Amino acid sequence: MAMTKKIMMVLVLVLVLVSLNDGAQVHHVVGGDRGWHPYTDIGSWSSARTFRVGDKIWFTHSAAQGSIAEVGTKEEYLTCDVSNPIRMYTDDSDGITLDGDGARYFTSCSSDKCKNGLKLHVEVVVPEARTDTTTAQVASEASDKAIAAPPESSAPSHFCASFALLMAGFWLSYMGI
């Protein structure tokens with residue numbers, strides 16, 4: 001019986017650790033509290049974030065804002081040319097997984113709104129593995145360059161991890177371990 005309890009305790013701890021690592025994906029709501037809106041400074045909002053492969057961006061917008069187009073080139077993005085979009089997003093809340101590294105361009109389908117700044121350029125980077133070499137390199141460059149703020153945390157993933165830890169604690173208490 002004691003051996004069974006120990007095995008169960010190890011399994012619970014492994015499951016908790018796995019749930020903690022699941023929080024690596026970040027969900028970004030484009031424009032923050034105001035969402036995809038003509039009066040939101042989308043450029044400032046995006047420049048304060050790091051977008052990594054696997055993250056998800058969410059466009060929350062009303063029908064009045066119209067559709068959102070993903071365009072393929074920087075030129076199309078800069079000139080608000082949506083004549084040949086990669087994809088159109090029309091729902092009130094569109095979630096897009098950033099599944100590869102590189103530049104992604106999104107614009108309002110309304111030429112006037114796009115030219116007034118309702119567009120988003122995202123540079124997606126590959127998540128770096130945390131190694132001692134990477135940490136040392138960042139530390140040595142700290143005196144030359146400002147270090148960017150860490151990516152915003154995902155509240156739902158923190159909630160899930162906290163809930164998993166709480167449940168593991170209750171279970172371990174119940175088992176008398």
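Accessible areas here come from the Shrake-Rupley method with a 1.4 Å probe, and for residues only the protein chains shown count as cover. On that basis the protein exposes about 11,400 Å² of surface, of which 58% belongs to carbon and sulfur atoms.

This is a predicted model, with residues numbered from 1 along each chain as its sequence is written. Local features need pLDDT of at least 70, side-chain atom pairs count only at pLDDT 80 or more, totals for chains, interfaces and linings use all residues, and side-chain values use heavy atoms, with hydrogens and water left out.

**Confidence**

pLDDT is the predictor's confidence in each residue, from 0 to 100. The protein averages 73, and 59% of the residues score at least 70. Helix α3 (residues 74–79) has the highest confidence, at 97, and helix α5 (residues 132–141) the lowest, at a mean of 39. Residues 6–23 fall below 50; beyond near neighbours in sequence, this stretch has 13 contacts in the model (heavy atoms within 4.5 Å). Residues 131–159 are also below 50, with 15 contacts beyond near neighbours in sequence. Where pLDDT is low, the predicted coordinates should not be read in detail.

**Fold**

Helices (H or I, at least four residues) and strands (E, at least two) are DSSP runs, numbered from the N terminus. The protein has six helices and eight strands. Along the sequence they follow the pattern α-β-α-β-β-β-α-β-β-β-α-β-α-α. Among contacts between residues at least 6 apart in sequence, 69% join residues at least 24 apart. Of the 177 residues, 27% count as buried (under 20% relative accessible area, with exposed over 50% and partly exposed in between; 1.4 Å probe, protein chains only).

**The sheet**

Strands pair if DSSP finds at least two bridges between them. Five strands form an open sheet in the order β2-β8-β7-β4-β5, with mixed pairing. β2 and β5 (87–89) are the edge strands, each pairing on one side only.

| Strands | Sense | Bridges |
|---|---|---|
| β2 (residues 51–52) and β8 (residues 119–125) | parallel | two |
| β7 and β8 | antiparallel | six |
| β4 (residues 68–71) and β5 | antiparallel | three |

Arg52 stands opposite Val125 in β8. Ala103 stands opposite Glu123 in β8. Glu70 has Arg87 in β5 as its bridge partner.

**Aromatic contacts**

Rings of Phe, Tyr and Trp (its six-membered ring) pair if their centres lie within 6.5 Å; planes under 30 degrees apart count as stacked, over 60 as edge-to-face and the rest as tilted. By this rule there are five aromatic pairs. Trp36 and Phe59 are edge-to-face, because their ring centres lie 5.0 Å apart and their planes stand at 85°. Trp36 sits in the loop between β1 (27–29) and α2 (42–47), Phe59 in strand β3 (residues 56–60), 23 residues apart. Both Trp36 and Phe59 are buried.

Phe59 also pairs with Phe106, in a tilted arrangement: 5.2 Å centre to centre, 55° between the planes. Phe59 lies in β3 and Phe106 in strand β7 (residues 102–108), so this pair ties together parts 47 residues apart in sequence. Phe59 has a relative accessible area of 0%, and Phe106 is buried at 0% too. Trp36, Phe59, Tyr89 and Phe106 form one aromatic cluster.

Elsewhere, Lys119 lies over the face of Tyr77, at 4.9 Å from the ring centre. Such a charge sits over a ring if NZ of Lys or CZ of Arg is within 6 Å of the ring centre and within 35 degrees of the ring normal.
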